Amino acid sequence: MAGQDARTAAHGAGGALPAVLHFHGGGYALGRSLPGQDRAAIALCRELPAVVITVEYRLAPEHRYPAGVEDCYLALEWAAERAGGLGIDPARIALAGKSAGGGLSAAVALMARDRGGPAIVHQSLYVPDLDDRVGADETADAGGANAEVADAEGALSARVSTGRSVQRSWKHYLPEGMVAADAYAAAARATDLSGLPPAYVLVCDLDPMRDAGLAYARRLMDAGVPVTVRNVPGAWHGFELFAPETRVAKEMTAHWTGQLRAALYPVVG
């Protein structure tokens, strides 16, 4: 049927649904995905529709890398192996996450490629935390003549992420004594991005992680991976959690879910 939305076709035939493995944010150290309580996952169920699997991975610093990302990869294998019983179309499994969850999504995509794991149709990286080098310069300059600036930064509302707060998260996540992260900890460290699934990368203009996200998107493009990029002007990391009813937040969320829907329900014919 030319031009038919695959979602309509699948539902009409009683077919299986696509799946989204959703990894929550929280700097690799915070957050929970209790059944029925993950608002982002519930919203995805309503908007797509899809079987959404929200993963309760182990958190740092009690469980440092690679515990969390290995949990996420294990969840991917579990879902793929049980696709039939879960009503999942194994050809339409996507990864999605915000912030640290976006970093985990990128890392799991790399792991699946390198380990010959389950096929992934799409990776949705929402303000992703991809690079352990973000904010390193700010941390190095925090003393001496810059101490007053550093103190002022520390007094900022917890609603605003800074380079120094990003560095604190990485300090919690990476094993003690690790000088530089590897690619499965920080996907931006990967030297080869070829053969990865199509990606969506959303960044916010005032986010210290913006440049790393844009650089990763460009490297994916250069490696031949289809990528859609969106930058949200005037927005900071996680602002939509505090101002969900604003026009900018609604437009940003709609664009993210719309791109995920398009990847899972392509127009056929």
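Pro49 sits in the loop between H2 and E3, where helices (H or I, at least four residues) and strands (E, at least two) are DSSP runs numbered from the N terminus. Most peptide bonds are trans, and most residues other than glycine have a negative phi.

A word on what you're looking at: this is a predicted model, in which local features need pLDDT of at least 70, side-chain atom pairs count only at pLDDT 80 or more, and totals for chains, interfaces and linings use all residues. Residues are numbered from 1 along each chain as its sequence is written, and side-chain values use heavy atoms, leaving out hydrogens and water.

Now step back to the whole chain. It has 11 helices and 8 strands, and 44% of its 269 residues count as buried (under 20% relative accessible area with a 1.4 Å probe, protein chains only; exposed is over 50%, partly exposed in between).

Strand E2, residues 17–23, is a handy place to start, with 6 of its 7 residues buried. E2 runs parallel to E4 (residues 88–98), with 6 bridges between them; DSSP must find at least two bridges for strands to count as paired. Leu17 has Ile88 as its bridge partner in E4. E2 is also parallel to E3 (residues 51–55), through 5 bridges, and there His22 partners Thr54.

What do the side chains pack into? The largest nonpolar core has 55 residues, and Leu21, Phe23, Leu76, Tyr173 and Tyr216 have the most contacts inside it. Such a core is a set of buried Ala, Val, Leu, Ile, Met, Phe, Trp, Tyr and Cys residues joined through side-chain atoms within 4.5 Å. H5 gives this core its largest share, 9 residues. A second, separate core of 22 residues includes Val20, Met252, Trp256 and Leu264.

Beyond its neighbours within four places in sequence, Tyr173 is in contact (heavy atoms within 4.5 Å) with residues including Tyr28, Ala60 and Leu104. Tyr28 lies in the loop between E2 and H2 and has a positive phi of about 65 degrees, although it is not a glycine. Tyr28 is buried, at 2% relative accessible area. Ser99, in the loop between E4 and H5, also has a positive phi, near 60 degrees, and is buried at 11%.
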